[in-house]
Amino acid sequence: MKIISRGAEAILYDVGDKIKKERISKTYRLPQIDITLRKTRARKELNNMTRLAAIGVNVPHITQDGDFGLRIDKIKGITLQKLIKTNDQNLNVLFQMLGEQIKKIHDFDIIHGDLAPTNMVINNMQPFLIDFGLSYQSKSIEDKATDIVLFLKLLRSLHTNENLISAFFKGYLPNKLFLDKIEQIKKRARYL
Ligand SMILES: Nc1ncnc2c1ncn2[C@@H]1O[C@H](COP(=O)(O)OP(=O)(O)O)[C@@H](O)[C@H]1O
Ligand SMILES: [Mg+2]
């Protein structure tokens with residue numbers, strides 16, 4: 001099988017119009033912990049993506065494939081990371097849609113846990129969210145704001161235009177409490 005990506009945690013194979021994601025064993029972990037971690041991350045990814053698909057969030061269809069494996073519909077397109085690097089013009093609508101999608105996830109009390117631009121695939125100017133292995137359920141504003149702070153930090157490191165960040169918030173529609181929380185987390189991170 002052709003390998004699409006080999007990350008720290010998983011290998012992704014090309015299986016026609018689907019992708020097989022297999023979490024690999026890490027020899028530095030105790031075997032029992034290794035097995036548990038790989039299983040729970042695969043299960044979280046499957047469960048949370050299935051629940052989000054049911055409420056209309058843009059996530060690819062996903063099924064289980066063995067204990068550590070997942071089969072995921074392939075989204076034809078490129079990651080937000082690549083898109084920003086090649087062309088960050090005319091992405092305002094896309095960023096607003098991303099804000100709307102992530103808000104929907106948070107309103108459903110799911111935290112993505114790794115909102116990196118490599119975990120967003122853009123097809124036909126529609127954003128799809130992937131890589132839910134670190135996702136979890138939480139109602140906490142702090143957890144939701146932490147999700148956003150990571151995304152903002154990674155966007156800044158790509159020198160993303162500030163207009164796009166404004167467009168993102170136009171979709172997310174944070175209230176004052178949430179914006180204050182974001183600022184508080186950023187400030188805390190600077191002092192660490
Ligand atoms: N469903 C998908 N459709 C298209 N590309 C995907 C899909 N899933 C993963 N990819 C590609 O593979 C890369 C790694 O997948 P990801 O699930 O993020 O694994 P990792 O845990 O290694 O980060 C992504 O950044 C993306 O480029
Ligand atoms: Mg990823």
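Tutor: The protein chain splits into domain 1 (2-73) and domain 2 (78-191), with bounds that come from an automatic or database domain assignment. This is a predicted model, in which local features need pLDDT of at least 70 and side-chain atom pairs count only at pLDDT 80 or more, while totals for chains, interfaces and linings use all residues. Residues are numbered from 1 along each chain as its sequence is written, and chains are lettered from A and ligands numbered from 1 in the order in which they are written.

The C-alpha centres of the two domains are 22 Å apart. Their contact takes 12 residues from domain 1 and 13 residues from domain 2, where contact means that C-beta atoms, placed from the backbone, lie within 7 Å. On the side of domain 1 that touches domain 2 there are 6 nonpolar, 2 polar and 4 charged residues. In this classing, Ala, Val, Leu, Ile, Met, Phe, Trp, Tyr, Cys and Pro are nonpolar, Asp, Glu, Lys and Arg are charged, and the others, Gly among them, are polar.

Now to the ligand itself. Around ligand 1 there are 18 residues, the closest being Ser5, Gly7, Ile75, Thr118 and Asp131; a residue belongs here if its C-beta atom, placed from the backbone, lies within 6 Å. Strand 1 (2-6), strand 2 (10-15) and strand 3 (18-23) are the elements that give two or more residues to this shell. Strands are DSSP runs of E with at least two residues, and helices are runs of H or I with at least four, numbered from the N terminus. Both domains take part, as the shell draws at least three residues from each of domain 1 and domain 2. By class, the shell holds 9 nonpolar, 5 polar and 4 charged residues.

Terms used. Two residues are in contact if their C-beta atoms, placed from the backbone, lie within 7 Å.
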